[in-house]
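Please keep the sequence and the model in view while reading.

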Amino acid sequence: MSADAFGPGGWTEDRLPDLSGKSFLITGGNSGIGIEAARMLGAKGAHAIIACRNPEKAEAALEKLRGAAPAGRFESLTLDLADLASVRDAASQARSRLERIDGLVNNAGIMMIPSRTLTADGFETQFGVNHLGHFLFAALLADRVEAAGGRFVIVASTASKFAPGFRFSDLMFENGYSPTRVYAQSKLANLSFALELDRRLAAAGARARAYACHPGWSDTALQYTGPGEKAAPIFRVLNGIFSQTAALGALPTVLCAAGREANPGGYYGPRGFMELKGPVGAAKIPAAAQDRAAAQKLWEISERLTGADWSPILRAAA
């Protein structure tokens, strides 16, 4: 679908079809983009499971969702993307509850950690949480998405355009750590993964397909939990100037998860100034994300680092 097909007002949630009987699993669903996406899907009758690191915050989010979208059915499961053992356990929980997943939304993330830290498995935290944890989680649930002829939705960021490419010689930034460069690389990884996944699914003749989106600059906890207290006053000012609400920021995610207008392999987001906010439609794919050789290399490295095995679904689809 062309950008013009969305119209000057862009895509909005009132275009969603009835989602009764559909199931969606959203990482990072207790706040920000995730909870707003769950609310919109639930309002159309969907069953939404929010995967969250903190069970108490998850319960508070469920209470809000049930009040805001009584037509939906909401659950939670515990997921810590910074620990691959937790990723495997969460996937096992999801498999026990769901035979089919109509939309697996890889939304959770962390941004611009001031100092280099490591995940439980020894990965640089931003790359480990934003990309590697999701890469494994999606692989472990791929057959459930395929069973529904569903959608893998990967939430990237406009920050991806600031990554010139992958630092394959030092993906974990053991040398020259930069909060912004590392974040940009992790979001480039999200977008490259989405595009490469869809190419592989299409080549295998799979029913499931992949979609990518970004929320523009949306006012969420992301700008405060990652950068830390020192940066918080700066982000409060910048948010006041450049940001849109989390609900508006969630529209591209919901479009990719359930909108009829989204195309497999597409990339969607706000179309306003610098794609920070504005009407939702087709987004510009940065040149670095169009490098297929780099995407294939990233895929191979991600499989090796996480132990993820996509071959069963790709062979079965073929």
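This is a predicted model: local features need pLDDT of at least 70, side-chain atom pairs count only at pLDDT 80 or more; totals for chains, interfaces and linings use all residues.

Which exposed residues does the face of H2 turned away from its buried side carry? They are Glu56, Glu63, Lys64 and Gly67.

## The chain as a whole

The chain contains 12 helices and 8 strands. Of its 318 residues, 57% are buried. When contacts between residues at least 6 apart in sequence are considered, 76% of them join residues at least 24 apart.

Helix H2 comprises residues 55-68.

The buried residues of H2 are Ala58, Ala61, Leu62 and Leu65. Viewed down the helix axis, the buried residues fall within an arc of 105 degrees, and therefore line one face of H2. An α-helix has 3.6 residues a turn, so residues three or four places apart point the same way. The cover over the buried residues of H2 includes helix H1 (32-43), strand S2 (47-52) and strand S3 (73-78). Glu56 and Lys64 are among the exposed residues on the face turned away from that buried side.

In soluble globular proteins, nonpolar side chains tend to be buried together. The largest nonpolar core in this model has 61 residues, and those with the most contacts inside it are Leu25, Leu104, Phe137, Phe152 and Trp310. Helix H6 (residues 179-204) gives the most to this core, contributing 10 residues. A second, separate core has 37 residues, including Phe24, Leu41, Ala61 and Val153. Ala61 is also one of the buried residues of H2.

Leaving aside residues up to four places away in sequence, Phe137 touches Leu25, Thr27, Leu79, Val87, Ala90, Ala91 and Leu104.

## Strand pairing around S7

Strand S7 (residues 267-270) runs parallel to strand S6 (residues 209-213), and 2 bridges join them. In this pairing, Ala212 stands opposite Tyr267. S7 also pairs with strand S8 (residues 280-282), here in the antiparallel sense and over 3 bridges. Pro270 stands opposite Val280 in S8.

## Two individual residues

Is Thr306 buried or exposed? Its relative accessible area is 2%, and because buried means under 20%, Thr306 counts as buried. Thr306 lies in helix H11 (residues 292-306). A polar atom of its side chain lies 3.1 Å from the backbone nitrogen of Ala308. Beyond residues up to four places away in sequence, Thr306 touches Leu84, Arg88, Leu132, Phe135 and Leu136.

Arg167 is found in the loop between strand S5 (151-155) and H6. With a relative accessible area of 22%, Arg167 is partly exposed. Not counting residues up to four places away in sequence, Arg167 touches Phe173, Asn175, Gly176, Arg181 and Gln185. Arg167 and Val182 are 15 residues apart in sequence, while their C-alpha atoms are 9.5 Å apart in space.

Technical notes
Residues are numbered from 1 along each chain as its sequence is written. Side-chain values use heavy atoms; hydrogens and water are left out. Helices (H or I, at least four residues) and strands (E, at least two) are DSSP runs, numbered from the N terminus. Buried means under 20% relative accessible area, exposed over 50%, partly exposed in between (1.4 Å probe, protein chains only). A polar contact is a pair of N or O atoms within 3.5 Å; within protein, one must be able to donate a hydrogen and the other to accept it, and residues adjacent in sequence count only if both atoms are side-chain atoms. Contact means heavy atoms within 4.5 Å. Two strands pair if DSSP finds at least two bridges between them. A nonpolar core is a set of buried Ala, Val, Leu, Ile, Met, Phe, Trp, Tyr and Cys residues joined through side-chain atoms within 4.5 Å. The expected span of a helix is 1.5 Å times one less than its number of residues. The arc is that of the directions from the helix axis to the C-beta atoms.
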